[in-house]
Amino acid sequence: MNMPLPSITSITHRLTGIFLVAGAAVLLWLLDESLASEEGFNAVTSLADSFLCKLIVWGVLAALIYHSVAGVKHLIMDLGYGETLEGGITAAKIVIGVSGVLIVLVGALIW
């Protein structure tokens, strides 16, 4: 199955929205644990330095970045810009490029 690039970016936009809900639940659970007691705070603090925690935070931020950039693209298209096939392909490439750069930058900040 060979899907057009605008379709792939649109589906990925939806998937990152789902991932953001799950990621927010994990981050809220960590916040709750850290506020519950001193032991919980110490456990979350030590967990924050782990590779797994950094990976989860990076994944949530990557989803947030992609979802936000793709959302802006959808808003611009709702205003009537880039509604042609060529415009959709160009917009999809811009979303991938801008998101990729921002995700790499955030990853560099985390690690």
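Leaving out neighbours up to four places off in sequence, I103 is in contact with W58, A62 and I65, where contact means heavy atoms within 4.5 Å. That's a handy way into this predicted model, where local features need pLDDT of at least 70, side-chain atom pairs count only at pLDDT 80 or more, and totals for chains, interfaces and linings use all residues. Residues are numbered from 1 along each chain as its sequence is written, and side-chain values use heavy atoms, with hydrogens and water left out.

**The nonpolar core**

- I103 belongs to the largest nonpolar core, which has 8 residues: A62, I65, Y66, V69, A70, V95, I103 and V106.
- The elements giving two or more residues to this core are α3 and α4, and α3 gives the most, with 5 residues.
- A nonpolar core here is a set of buried Ala, Val, Leu, Ile, Met, Phe, Trp, Tyr and Cys residues joined through side-chain atoms within 4.5 Å.
- As for "buried", that's under 20% relative accessible area, while exposed is over 50% and partly exposed falls in between (1.4 Å probe, protein chains only).
- Helices are DSSP runs (H or I, at least four residues), as are strands (E, at least two), and they're numbered from the N terminus.

- H13 is found in helix α1 and counts as buried because its relative accessible area is 15%.
- Setting aside residues up to four places away in sequence, H13 touches Y66, H67, A70, G71 and H74; Y66 and A70 also turn up in the core list.
- K73 lies in helix α3, and it's buried yet has no salt bridge.
- A salt bridge would take a side-chain nitrogen of Lys or Arg within 4 Å of a carboxyl oxygen of Asp or Glu.
- The nearest side chain of opposite charge to K73 is D78, 9.3 Å away; for charges, Lys and Arg count as positive and Asp and Glu as negative, with His and the chain ends not counted.
- What K73 does touch, not counting residues up to four places away in sequence, is T9, A91, A92 and V95.

**The nonpolar surface patch**

- V26, L27, F51, L52, L55, I56 and W111 make a nonpolar surface patch of about 640 Å².
- Two or more residues of the patch come from each of α1 (5-36) and α3 (51-78), and α3 gives the most, with 4 residues.
- W111 is found in the segment after α4 (85-110), and it counts as partly exposed because its relative accessibility is 45%.
- Patches are made of residues with over 30% relative accessible area and no salt bridge: like charges are joined within 9 Å, and nonpolar side chains (Val, Leu, Ile, Met, Phe, Trp, Tyr) within 5 Å.
- The accessible areas come from the Shrake-Rupley method with a 1.4 Å probe, and for residues only the protein chains shown count as cover.

- E33 sits in helix α1 and is partly exposed, since its relative accessible area is 31%.
- Skipping residues up to four places away in sequence, E33 touches G40, F41 and V44.
- E33 and A43 are 10 residues apart along the chain, and their C-alpha atoms are separated by 8.4 Å.
- M77 has its place in helix α3 and touches G82, E83 and G88, again not counting residues up to four places away in sequence.
- M77 and G87 are 10 residues apart along the chain too, with their C-alpha atoms separated by 9.2 Å.

**Along α4**

- I94 lies in helix α4 and counts as partly exposed because its relative accessibility is 48%.
- From I94 to I110 it's 16 residues in sequence and 24 Å in space, C-alpha to C-alpha.
- A108 is in helix α4 as well, and it's exposed because its relative accessible area is 56%.
- Between A108 and W58 there are 50 residues along the chain, yet their C-alpha atoms are separated by 9.7 Å.
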